Amino acid sequence: MTNTPRKLPILKIAIPVPLRQLFDYLPPNTEVAQQPRPGMRVLVPFGNHNQKKIGVIVSISEESDYPIEKLKQAYAYLDKEPLFSLTLLDLILWASRYYQCPLGEVFEAALPNRLRKNAKEKPLKKPVKLNALELNPTFLEKKEITTIEPPKFTLNSAQREAVTAVQNSFGKFKTFVLDGVTGSGKTEVYLQIAARLVETGQQALVLVPEIGLTPQLVKRFEERFSVPIAVLNSSLSEKKRFEAWENARTGIAPIVIGTRLAAFVPLKSPGVFIIDEEHDSSFKQQDGFRYHARDLLIMRASLEKCPILLGSATPSLETLHNIHLGRFQHLKLPLRAGNASVPVLQVLDIRHKKLEAGMSAQLIVKMREHLTEKGQILLFLNRRGFAPQLMCFSCGWVAQCKNCDARMTLHYKLQQLHCHHCETVIPLYPECPSCNYKDLKPIGVGTERLETALQKHFPNETIIRIDRDTTRKKDSFKETIDCIRNNEASILLGTQMIAKGHHFPNVTLVAILDIDQALFSIDFRSLEKMGQLITQVAGRSGRAERKGQVILQTCHPENPLLKKVLEEGYLSFANALLQERRATRLPPYSYQVLMRSEANTLDRALNFLSSIKQQYFQSTTTKFKLLGPIPAPMERRLGKYRAQLLFQAPERNFIQKWLQHIVPQIEAEAQTKRIRWSLDVDPIDMY
Ligand code: ADP
Ligand code: ZN
Ligand code: ZN
């Protein structure tokens, strides 16, 4: 080192490999002297065979823990300018630490494929033309914003207050919760906040659970604004996603709408973040890099110093808890916008009642009444397929997936059995494989069976089924939604896909066929989800001038929590649940990390977790509550045995410190290399 003429900077680079470290490189030889800057991509030789990899410079240092002469030299810088701001880099570093995910893998989520895979791909020199630009060519030159179609109404006072509160916080970090039932005008509030922000030349980022399920939200923005809107979601082609990403990064698109992965999109001048349906579980990524886009975006808002608005008719318990602690400001929209009225909720006791495809006789009578009055009907059943079980009535055999601990679902029209956990599909057995009895019987009801029964009862009505099976084709969901809105169908049935924020103005009757599973689930979050579902589904009815009715079929009409959500509404139900969580020390009154393992035998999966528990929890057991190791609720999936160990502690910091300390040690151990294991920080699903 003594005779180095000039001290070369050392590049600390994140490389997409599953290792929790940065890699040190020397700068490339470039023809033109180019300054390396954090956030730029570089092409580097990696591993023994000098495989070419694309990495991102995270920092530049004068020192390395390795001898300089051992460091490899990067091949080339791939960008002239950083793709990520220092703030966004901070967020990415934080996410990697907090969720215990190798930095290279976090960058994989943060970069579009094109920039990740192809060293020749350059950031776009010129902004991509979007349709909206053609509509309004003055935008690019003069930055003139025109709203194409201003609303024909004035905001009500609650809406006005919400818009003003967020607007007054432009340039500052603050978290707001916009709490209003479906139809109370939340989307209108988003639109008006965005309108005021965009005038200042800044950008609004709007996250939605699933774009495919919310085409109307994108449409409302497109109808309102003549500025370019970048839409980011995973079903886009790589090219389209790359272009949308670039339009967000360069600031060409003042409005960016996307699913959870858009939480990482670079923005030239972020001004406000909005999360619609913040309680939705699809904001949590369930494999690989298991982040929660809502929590991440709140962190990002604090780093970028801008306000963030969480909208929901049914805020999550975590969010309500934060309101109670005074961390989030609660903005309420108590009334339905326009003059739509709140629906009447009614419980149908189905004890001792004969059900036909899940429907009681009383429900069918009610349906006839509504159809005579020309109302639309929406039936909700959260199970697709014809029947969740196929059983032999002679010997008791049940069709079971060969890879999972799960029964196979009968799909009648396809004459197939499907495993909904591993996607295994087999042809329907002509007879019992165990005793050759010919009469195999479907047990239970799925949406396909319900549809068949409805066709029999209402042969003259147009019936539409909405679930993953009927909407696989691209755009078919959107077409179906349009068809419902245009009143071309009178009976709609479907799974939770129809529970999201759609506006069906002619629906007058909504029925939830089976609410009871949720009341007795082993998952402590299932009651919260039940209350959200009832409230969301009820919100589908009576949105325009017609009064709506909601019917819940249950065998537990006296259940106190069910009564609470029906009689007092979601907030008081949720507060009661929070009391329970506090008493039992469950989140949000504690923090959890779930460690999962997977092996060829259950013993191996369990033994691995037992040894972790023994090695690392002797001294800390008083602060931690440990649950397990136990077999996962679904013990075998995709042919592997699964086990889990749950850590719970009263403080987030405590869990975090412990993880930083322990994970590298666990990883260095020989046994961990022979087993698949993962960590889920703040898990929301224990399966
Ligand atoms: P949410 O997002 O809460 O479901 P929306 O913003 O979609 O509610 O509003 C529901 C309907 O009411 C929409 O058709 C919207 O245009 C209309 N609307 C919103 N605010 C008002 C208002 N202040 N006066 C009249 N109509 C309104
Ligand atoms: Zn049999
Ligand atoms: Zn399976």
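User: How far apart do the C-alpha centres of domain 1 and domain 2 lie?

Analyst: They lie 30 Å apart. This is a predicted model, where local features need pLDDT of at least 70, side-chain atom pairs count only at pLDDT 80 or more, and totals for interfaces use all residues. Residues are numbered from 1 along each chain as its sequence is written, and side-chain values use heavy atoms, without hydrogens and water.

User: What makes 10-117 domain 1 and 132-333 domain 2?

Analyst: Those bounds come from an automatic or database domain assignment.

User: How do you know which residues of domain 1 and domain 2 are in contact?

Analyst: Contact means heavy atoms within 4.5 Å. By that rule, 21 residues of domain 1 touch 20 residues of domain 2.

User: What is the area that domain 1 and domain 2 bury between them?

Analyst: About 1,900 Å², with 73% of it on carbon and sulfur atoms. Buried area is the accessible area (1.4 Å probe) that two parts lose on being put together, summed over both. In domain 1, Leu91, Tyr99 and Arg114 lose the most, together 31% of what that side buries.

User: Why is the pair Lys117 and Glu238 called a salt bridge?

Analyst: The rule asks for a side-chain nitrogen of Lys or Arg within 4 Å of a carboxyl oxygen of Asp or Glu. The closest N and O atoms of Lys117 and Glu238 are 3.5 Å apart, so the pair qualifies. Across the interface of domain 1 and domain 2, the rule finds 1 salt bridge.

Notes. Chains lettered and ligands numbered in written order.
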